[in-house]
Amino acid sequence: MSIALDGAMTPIMAFSLIGALGVGSQWLAWRLNMPAIVLMLLVGVIVGPATGVLDPARDIGDLTGPMISIAVAIILFEGGLTLNFQSLRDAAKGVMRLVVIGAPLGWLTSALALHYGAGLGWEASAVLGGIMIVTGPTVIAPLLRTARLSRRPAALLQWEAIINDPIGALAAVLAFEAVLILNTATTLGNAAIDLLVGVAIATALGAIAGFGLSAAFKRGHVPEFMKVPVLFAVLLACFALADTVLHESGLLAVTIMGIVIANAGLPSYAELRRFKEHATVLLVSGVFILLAASLDFSALERLDWRAIIFVLAVVFVARPLTVAVAFIGTDIPAKERLLIALTGPRGVVLVAVAGLFGTRLVDLGIEDGALFTPLAFALVAVTVVLHGFTLVPFARFLGLAEAESPGVLLVGGSRFSRAFAEALVAAQIPVLMTDPNRNRLRTAREAGIPTYYGDILSEAAEHNVELVSYATVIAATDNDAYNTLVTTDLAPEFGRTQVFQIGRTKGDQARHALPTTLGGKKFGKGETFDELNALLARNWSFRMTPLTEELSFADWRTDNAEAVLFARISPSGELRMVDPDEEIKPAAGARLIFLRPPGSDDTKAKAQKDEAKAEAEEKARKDAKK
């Protein structure tokens, strides 16, 4: 049986439930357009302490702690893989300030909040204050994925969370060693040597593992099908060895390992990072379910009103003060400073490490250690909910996030692309037109259409184009191979249902057909570059028609039998490209964007306009008589 009489599950059932709940919560949050971390926290509390269905200590046992540690290590490594120094650019100085100045200052302000807010003693405040340096990479990643912030504030939050995470753990180790010296016979010299040796070994292990793997991958010593397994094996070994020498230093080792690999220029870097991203989504889901399900309501009962003062002091005093001081003398705009100052979510690392050091302090006779876990969980819960619901609207209010109506990235500067871009702009849909040839963008620039000169797949475009502002890609150049390359490369980032390309010449022939893994979805009816531009040469033009109760989609299609329908805009402003094989039933209030031949007009729409005009003239005559 999978469930015992006392309600306990087997570990296999527990693992399956955690995976299903975690991934299911992420999917449901995506469907409901709400913060995933909030839903995961809520689901974990419901199946855990609220109902008792899942109890990690009972159902999984002593493996819970090591599992969370390994999951966090993999999450931090994946975070390190995203930290390419070239992506810093204008955020480099800000990141340096947040690490060099912000981390020590955050330690100090957090300790003050713990002492004067929560009422902890100085020893306990120093240890927990060090852990609170971390801003939660397990939380920042899903938040940034949802918020789609501008490049610099996103980079600042991401780099700070990943780099300060191991620093926070090591700060707690340093503070604990100091407490140990004061309460035991341990000498300052021995503690300092242990700490320095542990940090040095962790740094060396991470660097050696990163450089060694990079060299092995570049020289072909590891076949493609073995790269991910080898990466995982080395990652776990690096974490375990460093953690054996000095507890919590494994997080530093894997972070350094990830950063080294991210900046090694590996040809297979994109594939490695993509796989790690998928693994991280699964791990973050599981860790949050475990965290929430492990909550002990009786521990929270130890908190009083001072815990509220503590949380408010951290969120609205300690964090803003730390960021404000760290950014003095930088050219970071005030809006970005404000967003970062008020965005400091804490995650599972804080709770896990706080529980560990809290137990150690209690063993030393410092009773305040018993409050570490409930205080940490209270801070995590409040910041997760607060930032989960406020980050997106606050960032949009400051103009640091994408518009509510994501735009279209048009690749190719042809006559057709310009005409389609003008139609989208008229419909108030953001557009960016790109082309490696500056001359092809000239008429678009003259028409006031935003353009980018350069290859959209280049590193320069990755650093200079705010891709988060666009949700749809349309490859419409005169080069079929390049269109296929663009849509294939950008599909994992935008989603395969959101990348389109114009028809390929001879693409309908078996000899030239491509597998479904390559290229984008069919755009329009699958017309080729020459066919689309030939229509415009024959004076075809783009039009936009709103559907009403009187003018249905069937009426429009009857009046525009020859028209080519490309897109529809829902009443809420959401743009969707039309699949020619899809049976669409747009509701009243939707708008259609289509290409039609010259001289044609919507018969029913024209009749409505004439009727409305006649009514207006009749009303004007009656008013004149009065």
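Between which strand and which helix is the loop that holds Ser552 found? Ser552 lies in the loop between strand S7 (541-546) and helix H25 (553-559), where helices (H or I, at least four residues) and strands (E, at least two) are DSSP runs numbered from the N terminus. The C-alpha atoms of Ser552 and Gly589, 37 residues apart along the chain, are separated by 9.9 Å.

This is a predicted model, in which local features need pLDDT of at least 70 and side-chain atom pairs count only at pLDDT 80 or more, while totals for chains, interfaces and linings use all residues. Residues are numbered from 1 along each chain as its sequence is written, and side-chain values use heavy atoms, with hydrogens and water left out.

The table gives relative accessible areas, for which buried means under 20%, exposed over 50% and partly exposed in between (1.4 Å probe, protein chains only).

| Residue | Relative accessible area | Class |
|---|---|---|
| Ser552 | 29% | partly exposed |
| Met96 | 53% | exposed |
| Glu493 | 55% | exposed |

On the surface, Glu459, Glu462, Asp489 and Glu493 gather in a patch of negative charge; patches are made of residues with over 30% relative accessible area and no salt bridge, like charges being joined within 9 Å and nonpolar side chains (Val, Leu, Ile, Met, Phe, Trp, Tyr) within 5 Å. A salt bridge is a side-chain nitrogen of Lys or Arg within 4 Å of a carboxyl oxygen of Asp or Glu. Helix H22 (459-464) and helix H23 (480-494) each supply at least two residues of this negative patch, and Glu493 is placed in helix H23.

A nonpolar surface patch is formed by Met96, Val100, Ile101, Leu321, Val325 and Ile328, with about 520 Å² of accessible area together. Helix H6 (92-100) and helix H16 (305-326) are the elements that give two or more residues to the nonpolar patch, and Met96 has its place in helix H6.

Notes
Accessible areas come from the Shrake-Rupley method with a 1.4 Å probe; for residues, only the protein chains shown count as cover. Lys and Arg count as positive and Asp and Glu as negative; His and the chain ends are not counted. The place of a charge is taken as NZ of Lys, CZ of Arg, CG of Asp or CD of Glu.
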